[in-house]
Each structure stands twice: as C-alpha cells, then as structure tokens.
Amino acid sequence: MTPAHALTRRHLLHAGGLALAALAVRPVSARAQPPSAGPADSKLIEDLVAANRILVDQGVLDGYGHVSVRHDRDPNRYLMSRSIAPELVTVADVMEYDLDSVPVDPRGRATYLERFIHGEIYKVRPDVKAVVHNHSPSVIPFGATGAPLRPLYHMSAFLSGGVPVFDIRAATGQMTDMLVRDPALGRALAQSLGDRPVALMRGHGAVVVGQDLRATVYTAVYLELNARLQMQAEAMGKVKFLTKGEAEKVAATTTPANVNRAWENWCRKAERPYRE
C-alpha cells in the first residue's frame, strides 16, 4: 500500500467513525417528526387552555404541572402546551405529540420534561381522553406517608376503590431526581395507575385521568379538596367515609351536565370564555 493510499484509507475510516459517533449521540429532538393528525377542534384547544387556567385558579397547579387531551382526529396523538407555566398558556402554545411524546411541529419550542407521563398512559389506556399531572399540595402528604386517600364526601366518590401510589425509587431501584424523564418511567407510572382515575406519586404529586377533559379537571379539583378535608376531619376524630355502595350511587349522578355546571363557574373565575 502506498503512503497516499494509506492516508486516504485513514481519512475514510476517520470520517466514517465521526459519522457513526454523530448517529450515536443524535438527540431525541433530531428524530424524524411524526406526521400531524390535522387541525384539532378549536373548541377542544380552547378547553385545554381553560383547563390550565382553571387548575391554577383552583390551587391544583402553580408554576408547574401540565394538562393534555387526546387529539379528536387521531387517538395516537395528543395535545399539550409547550413548556410554560400553566397560567400563561394560550392557544398558540398548544402543540401536537405522538404517543412516544415526540412533538409533531416543535419549531424550536421547549417541551415538558415529563411529557412521557401523558404518552405512556394514553398508550395503555384507550379509555383515557385527558391527563393532568400536578403537585397538588394537600395530596402530596398522602403519597409520602402511605395514609390512604378515601372518599370523605359526595364530590370525591371517584376515590372509592383505593388510590395507588407510584414510588419511583421502588420502580427504578435507585436514587433519582423524582422526575418521570423517559418512556420507561412513564410506563412504570402507567402500570401503577392501572385502571384507576388517580395515582399518587411519592415525594412528587399526582396524575389524574378521565374520559374527557372537563371531567378530568373536575376530578383533579375535588382530589385536592378531599385531601384537605380528610386531613382536617382526621385531626378532629374518627371519620365515617363513604361506603362502596354510597360511592357507586354518587358516581351515577356525576353526569356531564353536573360537570359543566362547575366548569362554567370555573371558567368565569379564571376569566376564560365558557363554551357549551
């Protein structure tokens, strides 16, 4: 082999190695963007914006937490804001994601680190149309202590049957920063949630799901209220919680009309337009 041939071969090997290295470290954001399901219903997007504002107004979200809704045109897509404080979300901030939580049209916009919570739950729960992740303050002590959250009154009958607790340390077998940073952790959380409407997250917060966006917000609001009232009641003495039979009868009365009554009131308080 001549020196010129050896030099050329070394250059080719070096260039090939650099190309392979570049592929190996290719960031998730550089993946091919999934196709869009098309424009979502404008009413659905307006409700998603309202959901963010309502949950802040009701003390469920603060500068953190996020809400998503399944796309009305494709169950394999969901809608959620770019990474921004919930109170600041506008229609222009809403982005489309596939169920791997890859944004369809990121345009350089930041995405929530814990978006995998949403995508992984939508994958295994076809009944779920909306997901709320929050750091609801009165709920957090129950996830940290193991004290069971139980239905104290008729607005929280959805708690009947128990509330699972996701412990990220038990799921990973190691110390973490408590955040659901990847699909594997999202799957572990979805597994803990099972078929329930609520799961607590030890040392972190909670995840709430439902069959439509307004009902999911309703559940998240009354989850926080029940937790607060339960702590107050237990400090006073022995509590008589709702029985399974009582909870079932209450659940039968939680109709879309009842949810919309609360939704209209919350929209006004959060200064968002109410839509039928």
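A residue is called buried when its relative accessible area is under 20%, exposed when it is over 50%, and partly exposed in between, using a 1.4 Å probe and protein chains only. By that rule, buried residues make up 46% of the 276 residues in the protein.

The model is predicted, so local features need pLDDT of at least 70 and side-chain atom pairs count only at pLDDT 80 or more, while totals for chains, interfaces and linings use all residues. Residues are numbered from 1 along each chain as its sequence is written, and side-chain values use heavy atoms, with hydrogens and water left out.

## Overall make-up

The protein has 9 helices and 7 strands. These are DSSP runs numbered from the N terminus: helices are H or I with at least four residues, and strands are E with at least two. The exposed surface comes to about 14,100 Å², and carbon and sulfur atoms supply 56% of it. Accessible areas come from the Shrake-Rupley method with a 1.4 Å probe, and for residues only the protein chains shown count as cover.

A contact means heavy atoms within 4.5 Å. Among contacts between residues at least 6 apart in sequence, 68% join residues at least 24 apart.

## Around H118

H118 is located in helix 3, which covers residues 116-124. The relative accessible area of H118 is 0%, so H118 is buried. Setting aside neighbours within four places in sequence, H118 touches H66, V67, S68, Y78, M80 and V131.

## Aromatic pairs

Two rings of Phe, Tyr or Trp (for Trp, the six-membered ring) pair if their centres lie within 6.5 Å; planes under 30 degrees apart count as stacked, over 60 as edge-to-face and the rest as tilted. The structure holds 5 such aromatic pairs.

One of them is the stacked pair of Y78 and Y97, with 5.1 Å from centre to centre and 10° between the planes. Y78 belongs to strand 2 (residues 77-81) and Y97 to strand 3 (residues 94-98), so this pair ties together parts that are 19 residues apart in sequence. Y78 counts as buried because its relative accessibility is 0%. Y97 is buried too, with a relative accessible area of 0%.

Another pair is formed by Y222 and W266; this one is tilted, at 6.2 Å centre to centre and 45° between the planes. Because Y222 lies in helix 7 (residues 213-236) and W266 in helix 9 (residues 256-269), the pair ties together parts that are 44 residues apart in sequence. Both Y222 and W266 are buried.

Y78 and Y97 also belong, with Y122, to one aromatic cluster.

## Salt bridges

Side chains of opposite charge can pair when their charged atoms come close. A salt bridge here is a side-chain nitrogen of Lys or Arg within 4 Å of a carboxyl oxygen of Asp or Glu. The count by this rule is 14 salt bridges. The table lists some of them.

| Salt bridge | N to O distance |
|---|---|
| R77 and E96 | 3.7 Å |
| D105 and R107 | 3.1 Å |
| E120 and R187 | 4.0 Å |

The bridge between R77 and E96 links distant parts of the chain, since R77 is in strand 2 and E96 in strand 3, 19 residues apart. R77 is buried, with a relative accessible area of 11%. E96 counts as buried at 11% relative accessibility.

In the bridge between D105 and R107, D105 counts as partly exposed at 38% relative accessibility. R107, at 60%, counts as exposed.

E120 and R187 also meet in a salt bridge. E120 lies in helix 3 and R187 in helix 6 (residues 183-193), so the pair ties together parts that are 67 residues apart in sequence. E120 is buried at 2% relative accessibility, whereas R187 is partly exposed at 45%. Salt bridges that share partners join D100, E120, K123 and R187 into one network.

## Packing of helix 2 and helix 9

Helix 2 (residues 42-57) packs with helix 9 at an angle of about 75°, their axes being 9 Å apart. Axes are lines fitted to C-alpha atoms, for helices over the stretch in contact, and angles run from 0 to 180 degrees between N-to-C directions. The angle makes helix 2 roughly perpendicular to helix 9. Angles under 35 degrees count as roughly parallel, over 145 as roughly antiparallel, 65 to 115 as roughly perpendicular and the rest as oblique.

On the helix 2 side, the contact is made by D47, A50, A51, I54 and D57. Helix 9 contributes W263, W266, C267 and K269. W266 is also the partner of Y222 in the tilted aromatic pair.
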